[in-house]
Amino acid sequence: MTTSQQQMVNRLLQLALERGAIRYGDFTLSSGRKSSYYFDGRLLSLDPEGAYLLGHALLPLLNDAGVEAVGGPTLGADPIVTAVATASWQQGTPMPAFIVRKEAKGYGMGQMIEGPLPPAGASVAIVDDACTTGGSLFHAIDAAEEAGYKVGLALAALDRNEGGSDAIRERGYQFASLLTAGEDGRIAVDERGVF
């Protein structure tokens, strides 16, 4: 991570705390598991400064991976991929964004993936606001591959370190995150990079 990226991610963590996107306490997650913290990525990705920071911090990772587009599962990825597309345009390296639906539309063209896509066979990245079990990332990965794309990188704003990122790597994908949760539930900048 460059110094500029590091500064952006440090600010992103600070902003997450300021905006209440990270809250510490006793929470029950949708899986039924208990957690000592709660992360609401949309409080970052829908915040003007948060969107700017996410887009500009993720873009170098995507460029380094050589992907041609970025997408992810609705709803967590929607504002993130838009932020990345906007940042890419500002930097003169336009990267289209796409959204993966929970299920294909039952009307119109019946699409599972929405947005401008590169030609079939292109390398794409899949991003989400958080990675817990990896289920929503796997859903989007599978949809992209079924549509004829190669997934060059999977990313999350926050890796909860609850098995999802390990499962993604075990399936042979590169994974990166900006923030990571420690065993004590404290969230910090992820210094590990892509692996």
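## A look around the sheet and its cores

Ala 176 is buried, with a relative accessible area of 2%; here buried means under 20% relative accessible area, exposed means over 50%, and partly exposed is in between (1.4 Å probe, protein chains only). You'll find Ala 176 in strand β8. Helices (H or I, at least four residues) and strands (E, at least two) are DSSP runs, numbered from the N terminus.

A quick word on the ground rules. This is a predicted model, where local features need pLDDT of at least 70 and side-chain atom pairs count only at pLDDT 80 or more, while totals for chains, interfaces and linings use all residues. Residues are numbered from 1 along each chain as its sequence is written, and side-chain values use heavy atoms, with hydrogens and water left out.

**The whole chain**

The protein chain has 6 helices and 9 strands. Its radius of gyration is 16 Å, close to the 16 Å that the globule rule gives for 195 residues, so the chain is as compact as a globular protein of that length. That radius is taken over C-alpha atoms, and the rule is 2.2 Å times the number of residues to the power 0.38. Along its principal axes, the C-alpha trace spans about 45 × 40 × 30 Å. Of the 195 residues, 50% count as buried. The chain exposes about 9,100 Å², with carbon and sulfur atoms supplying 52% of it; accessible areas come from the Shrake-Rupley method with a 1.4 Å probe, and for residues only the protein chains shown count as cover.

Seen strand by strand, the open sheet has 7 members in the order β5-β4-β3-β6-β7-β8-β9, with mixed pairing. At the edges stand β5 (113-114) and β9 (187-189), each with a single partner strand, so one side of each is left without a neighbour in the sheet. Two strands pair if DSSP finds at least two bridges between them.

| Strand pair | Sense | Bridges | Residues facing each other |
|---|---|---|---|
| β6 and β7 | parallel | 8 bridges | Val 124 and Val 151 |
| β7 and β8 | parallel | 5 bridges | Ala 154 and Phe 175 |
| β8 and β9 | antiparallel | 3 bridges | Ala 181 and Ile 187 |

How many residues of β7 are buried? The count is 9 of its 10 residues. In β8, the strand that holds Ala 176, 7 of 7 residues are buried.

Helices pack on this sheet too. Helix α1 (residues 3-19) lies across β8 and β9, running at about 165 degrees to β9. Helix α4 (residues 78-90) touches β3 (69-73), β4 (97-100) and β6 (123-131), and its direction makes about 170 degrees with that of β4. For these angles, axes are lines fitted to C-alpha atoms, for helices over the stretch in contact, and values run from 0 to 180 degrees between N-to-C directions.

**The cores**

A nonpolar core is a set of buried Ala, Val, Leu, Ile, Met, Phe, Trp, Tyr and Cys residues joined through side-chain atoms within 4.5 Å. The largest one has 41 residues, and those with the most contacts inside it are Leu 62, Val 70, Leu 155 and Leu 178. Helix α3 (residues 48-65) gives the largest share of this core, 7 residues. What does Leu 62 touch, not counting residues up to four places away in sequence? Its partners are Val 67, Val 70, Val 84, Met 95, Ala 125, Leu 153 and Leu 155. A second, separate core of 21 residues includes Phe 98, Val 100, Val 151 and Phe 175.

Arg 33 lies in the loop between β1 (22-28) and β2 (34-39), and is partly exposed, with a relative accessible area of 35%. Leaving aside neighbours within four places in sequence, Arg 33 is in contact with Phe 27, Thr 28, Thr 132, Thr 133 and Glu 162. Ala 176 and Arg 33 are 143 residues apart in sequence and 24 Å apart in space, C-alpha to C-alpha.

Most residues other than glycine have a negative phi, and most peptide bonds are trans. Asn 161, in the loop between β7 (150-159) and α6 (164-170), has a positive phi, near 55 degrees. Asn 161 is partly exposed, at 35% relative accessible area. Thr 74 and Leu 75 are joined by a cis peptide bond, with omega about 20 degrees. Leu 75 lies in the loop between β3 and α4.

Note on methods
Contact = heavy atoms within 4.5 Å.
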